[in-house]
Every structure is written in C-alpha cells, then in structure tokens.
Amino acid sequence: MRKGIFSYKMLAAIAILFILYALIRNYIIDPGAESFLSHKTGLKRELNLPMWLNVMYIHVAFACLAMATGLLNFSSRLLENNRKIHRVNGYTYIVSVLFVVLTSGYMAPYATGGKISSMGFNFMNLIWLFITVTALVQIRKKRIIRHRNWMVRSYAFCFANMAIHLVSTLFHQGFGFDYADSYAIGVYGALALLLIIPEALIRTTLKSGT
C-alpha cells in the first residue's frame, strides 16, 4: 500500500512539474515558439505562423488537461469516494486526448526532421487514440482491471513530448547527431519507450491486480 502511494506521489510530482513547465514556457517565456521554430528548416509546406501558433496553444492546453485528468483518475481515493467525478474526469481525459491528436495531426507535416518525423507523429497519434478508445470499451464492459491496464498504456503517451526531448537531447548533445536527425530518432525512440515501459509496469508492479 505504501509503495503504491509513494509511486503515485512520484508520478504526481513529475506530472505537475511538467504541466507547469509546459504552460510557463509556451504561454509566458516563449509564446511565439521562436526557439522551437528555429530548428525547422527545409519545410516542404509553407508555415502559416498565426494559425500554427493558435493550434499549438490548443495542443498544449489539452495536453496539460489530459495529463492532469489522467493523473487524478489514478487516485484510488477519488475512485472509492466519488465514482461520478471519476467518470466525468475520465470522459474529460478522452476528449482532451482527441484534441491533442487532432492538433498534433495538423502540426505533424511541419515537424522537425521532415517527413520521417511527421510519419512518426501520425503513427503515435493513431496508437494513442486506439489505446484510449480500447480503455473506454473495457470499462463499458465492466472489465475493471483491463480498463486500468489500458489506461496505464494510454496515460504513458501524455509524456510523449518529454520522452522525445530526452531521447533527442541524448543523441544531439550526447552523441553529436544533427538536431533534425536527433529529433526524428527522438520521435521513434519515444514511441518505443511509451509502449515498453507501461507494459513492463503492468506485467510487474500491477500484475497482482490482474
């Protein structure tokens, strides 16, 4: 029990810090995304900056909402004390994921790293949407444990941006790869991590609940 509470607190700390970082960086420090856009070279499509920025703002907002609502719904206390809030919160999470996927789909053609990165983002979006819908189907069928496991898989994708930047930074600054190539590697490396880590968690830490 204590181990579960500690794990949840660790997850909460990481999620809250990342949400604060994303909001402050994208809405206060660099609202024009100048630092991020400076790496986008050789785009095949002309970038409509005002439109792209507006979509990016929506993307960040719903990504943070998905991370926050997903975190709350992993709280056993919330589930035990108020299932109605848990249910509403869950649907809010699903809607947030849908908006993140849609806005990401718009921005994918302009991804750093070109077409290979764009394809990776679209693939990631389809997988996340499939996993999230599967979690919804499982709870509609009253399969609680399966629902929990699919939600673990889905929630991992809330950390996609963090994983991409960790992997790309490793290859760019650690191994000296070109930034665009490092970013493309980061997209696919993150996708692999987001599939492997929750699966390992389900088969080990959460195995007793299956």
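Helix α6 is followed by K142, a residue with a positive phi near 65 degrees; helices here are DSSP runs of H or I with at least four residues, numbered from the N terminus. The model is a predicted one, in which local features require pLDDT of at least 70 and side-chain atom pairs count only at pLDDT 80 or more, whereas totals for chains, interfaces and linings use all residues. Residues are numbered from 1 along each chain as its sequence is written, and side-chain values rest on heavy atoms, with hydrogens and water left out.

With a relative accessible area of 68%, K142 is exposed (exposed means over 50% relative accessible area, buried under 20%, and partly exposed in between, for a 1.4 Å probe and protein chains only). A33 is placed in the loop between α1 and α2, and its relative accessibility of 4% makes A33 buried.

Helix α6 has 26 residues and extends 38 Å from its first C-alpha to its last, close to the expected 38 Å at 1.5 Å a residue; the expected span is 1.5 Å times one less than the number of residues. Helix α7, residues 144-156, comprises 13 residues and reaches 19 Å between its first and last C-alpha atoms, close to an expectation of 18 Å. Its buried residues are H147, N149, M151, V152, R153, S154, Y155 and A156.

α6 and α7 pack at an angle of about 160 degrees, and their axes are 8 Å apart (axes are lines fitted to C-alpha atoms, for helices over the stretch in contact, with angles running from 0 to 180 degrees between N-to-C directions). The two helices α6 and α7 are therefore roughly antiparallel, a class that covers angles over 145 degrees, while angles under 35 count as roughly parallel, 65 to 115 as roughly perpendicular and the rest as oblique. The crossing of α6 and α7 is left-handed, the term for a near helix turned anticlockwise from the far one by less than a right angle, with right-handed used if the turn is clockwise. On the α6 side, the contact is made by W128, I131, T132, T134, A135, Q138 and I139, and on the α7 side by I144, R146, H147, W150, M151, R153 and S154; contact means heavy atoms within 4.5 Å. By class, this contact of α6 with α7 holds seven nonpolar, five polar and two charged residues (Ala, Val, Leu, Ile, Met, Phe, Trp, Tyr, Cys and Pro count as nonpolar, Asp, Glu, Lys and Arg as charged, and the others, Gly among them, as polar).

Helix α9 was considered in the same terms. The 25 residues of α9 should span 36 Å at 1.5 Å a residue, and the 35 Å between its end C-alpha atoms agrees with this. Buried in α9 are Y179, S182, Y183, A184, G186, V187, A190, L191, L194, P198 and I202. The cover over these buried residues of α9 includes α2 (34-37), α6 (115-140), α7 and α8.

Helix α8 (residues 160-174) packs against α9 (residues 179-203) at an angle of about 130 degrees, with 7 Å between the axes. The pair α8 and α9 is therefore oblique, and its crossing is right-handed. Residues of α8 in the contact are A160, A163, I164, H165, V167, S168, F171 and H172, and those of α9 are Y179, S182, Y183, I185, G186, V187, G189, A190, L193 and L194. This contact of α8 with α9 divides into 12 nonpolar, six polar and no charged residues.

A further helix pair is formed by α3 (residues 49-73) and α5, which pack at about 150 degrees with axes 8 Å apart. α3 and α5 are therefore roughly antiparallel to each other, and α3 passes α5 in a left-handed crossing. The residues of their contact comprise 16 nonpolar, 11 polar and no charged.

T92 is located in α5 (residues 83-107) and is partly exposed, at a relative accessible area of 29%. Residues up to four places away in sequence not being counted, T92 touches L65 and T69. The C-alpha atoms of T92 and G70 are separated by 9.0 Å, although the two residues are 22 residues apart along the chain.
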